[in-house]
Structures are given as structure tokens and as C-alpha cells.
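Colleague: I have a model open and would like to go through it with you. Can we take it piece by piece?

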Amino acid sequence: MQFIIRWLVTAVAVGAAVWLVPGIAVLGTTESWIAVAITGLALSLIDMSIKPLLQLLSLPITCLTFGIFYLVVNTAMLYLAAWLSNGMFNVGFYISSFGSAFFASIVISIVSAIMNSIVADN
């Protein structure tokens, strides 16, 4: 049940990024909500599996940059999620530039934090 909530929160955050950030779009014949849900699923799985390892490996540079490099790790995870969802399901999730992905990762982080505080189990 916890994973489904995490997936839904991430999908809402990805949908907000698609809506707010120019350069992040869903192209092709796939319905946009399906593409957002699949990309949210890929991002949730990546956040649970690969992201902790990358955070550990990038800890020295994250400390040197006072945590700013953490946003670069989030951007890389968004690129990986887009690549996986496009490669496996051909959903047409498009990222035009690194700047767009960077701002989208900020939006996803903020929206996820807000949504997690709303649906958190107390």
C-alpha cells in the first residue's frame, strides 16, 4: 500500500512538472495521464533502488556544494526515468534540455514534499 501511495504522489508531481515547466512534455499517441503515470512509476522505482546508491557515492561533492549537487542527482534520476519509460513503454515523455530537467526536478521535489506531508501516516 505504501508503494502505491508513493507512486501516486510521484505521478502527481511529474504531472505538475509537465504542466509547469516548459521543455517537459508528453508527445505521441499515448494519453498524457498514462505517460505521466508510467513515468511516475519509473521514477518511484528508481528513487527506491538506484537513487540511494548515487546519493552515497556523491556525498563528498554534495557536502562541498552544501547540498546543491543533490539537485543534479535528482535531474539525472529524471533523465533515467524518462529513458526507461520511453524505452520500455514508448510513452513519449520528452525532456528538451538539462535546464528544463533541472527545474522539473525542483518542481517534482517540492510537489512530492507537499503531497507526502498531506498523505503521511501519523
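Colleague: Which residues lie nearest the centre of the largest pocket?

Modeller: Arg 6, Thr 10, Asp 47, Ser 112 and Asn 116 lie nearest the centre, out of 20 lining residues. This is a predicted model, where local features need pLDDT of at least 70 and side-chain atom pairs count only at pLDDT 80 or more, while totals for chains, interfaces and linings use all residues. Residues are numbered from 1 along each chain as its sequence is written, and side-chain values use heavy atoms, with hydrogens and water left out.

Colleague: What counts as a pocket?

Modeller: On a 1 Å grid over the protein atoms alone, a pocket is an open set of points where a 1.4 Å probe fits, with protein on both sides within 12 Å along at least five of seven lines. A cavity is a set of points from which the probe cannot get out. Lining residues have an atom within 4 Å of a point.

Colleague: How much space lies in the largest pocket?

Modeller: About 400 Å³. That volume is the space filled by probe spheres set on the grid points, which are joined across faces, edges and corners.

Colleague: Which elements give two or more residues to its lining?

Modeller: Helix H1 (2-20), helix H2 (32-49), helix H5 (69-89) and helix H6 (98-119). H6 gives the most, with 6 residues. Helices here are DSSP runs of H or I with at least four residues, strands are runs of E with at least two, and both are numbered from the N terminus.

Colleague: What is the lining made of, by class?

Modeller: It has 9 nonpolar, 7 polar and 4 charged residues. Ala, Val, Leu, Ile, Met, Phe, Trp, Tyr, Cys and Pro count as nonpolar, Asp, Glu, Lys and Arg as charged, and the others, Gly among them, as polar.

Colleague: New topic, the core. Which residues touch the most other members of the largest nonpolar core?

Modeller: Leu 43, Leu 78, Phe 93, Ile 95 and Ile 108, in a core of 25 residues. H1, strand E1 (24-26), H2, H5, strand E2 (93-95) and H6 each supply at least two residues of this core, and H2 gives the most, with 6. Such a core is a set of buried Ala, Val, Leu, Ile, Met, Phe, Trp, Tyr and Cys residues joined through side-chain atoms within 4.5 Å. Buried means under 20% relative accessible area, exposed over 50%, and partly exposed in between, with a 1.4 Å probe and protein chains only.

Colleague: What does Ile 95 touch?

Modeller: Not counting residues up to four places away in sequence, Ile 95 touches Gly 23, Ile 24, Leu 78, Tyr 79, Ala 82 and Ala 101. Contact means heavy atoms within 4.5 Å.

Colleague: And Gly 40, buried or exposed?

Modeller: Gly 40 counts as buried because its relative accessibility is 0%. Gly 40 is in helix H2 and, with residues up to four places away in sequence left out, touches Trp 7, Thr 10, Ala 11 and Val 14.

Colleague: Why does Asn 74 count as buried?

Modeller: Because its relative accessibility is 8%. Asn 74 is found in helix H5. Leaving aside neighbours within four places in sequence, Asn 74 is in contact with Lys 51, Ser 105 and Ser 109.

Colleague: How many aromatic pairs are there?

Modeller: The count comes to 2. The rings of Phe 102 and Phe 103 have centres 6.0 Å apart and planes at 75°, so that pair is edge-to-face. Rings of Phe, Tyr and Trp (its six-membered ring) pair if their centres lie within 6.5 Å; planes under 30 degrees apart count as stacked, over 60 as edge-to-face and the rest as tilted. Ring pairs link Phe 98, Phe 102 and Phe 103 into a cluster.

Colleague: Now the loops. Where is Leu 27?

Modeller: Leu 27 is in the loop between E1 and H2, and it is partly exposed, with a relative accessible area of 46%. Leu 27 and Val 91 are 64 residues apart in sequence and 7.6 Å apart in space, C-alpha to C-alpha.

Colleague: What is phi for Asn 90?

Modeller: Asn 90 has a positive phi of about 50°, although it is not a glycine. Asn 90 is in the loop between H5 and E2 and is exposed, with a relative accessible area of 61%. Phe 66 also has a positive phi, near 55°. Phe 66 lies in the loop between helix H4 (59-64) and H5 and counts as exposed at 77% relative accessibility.
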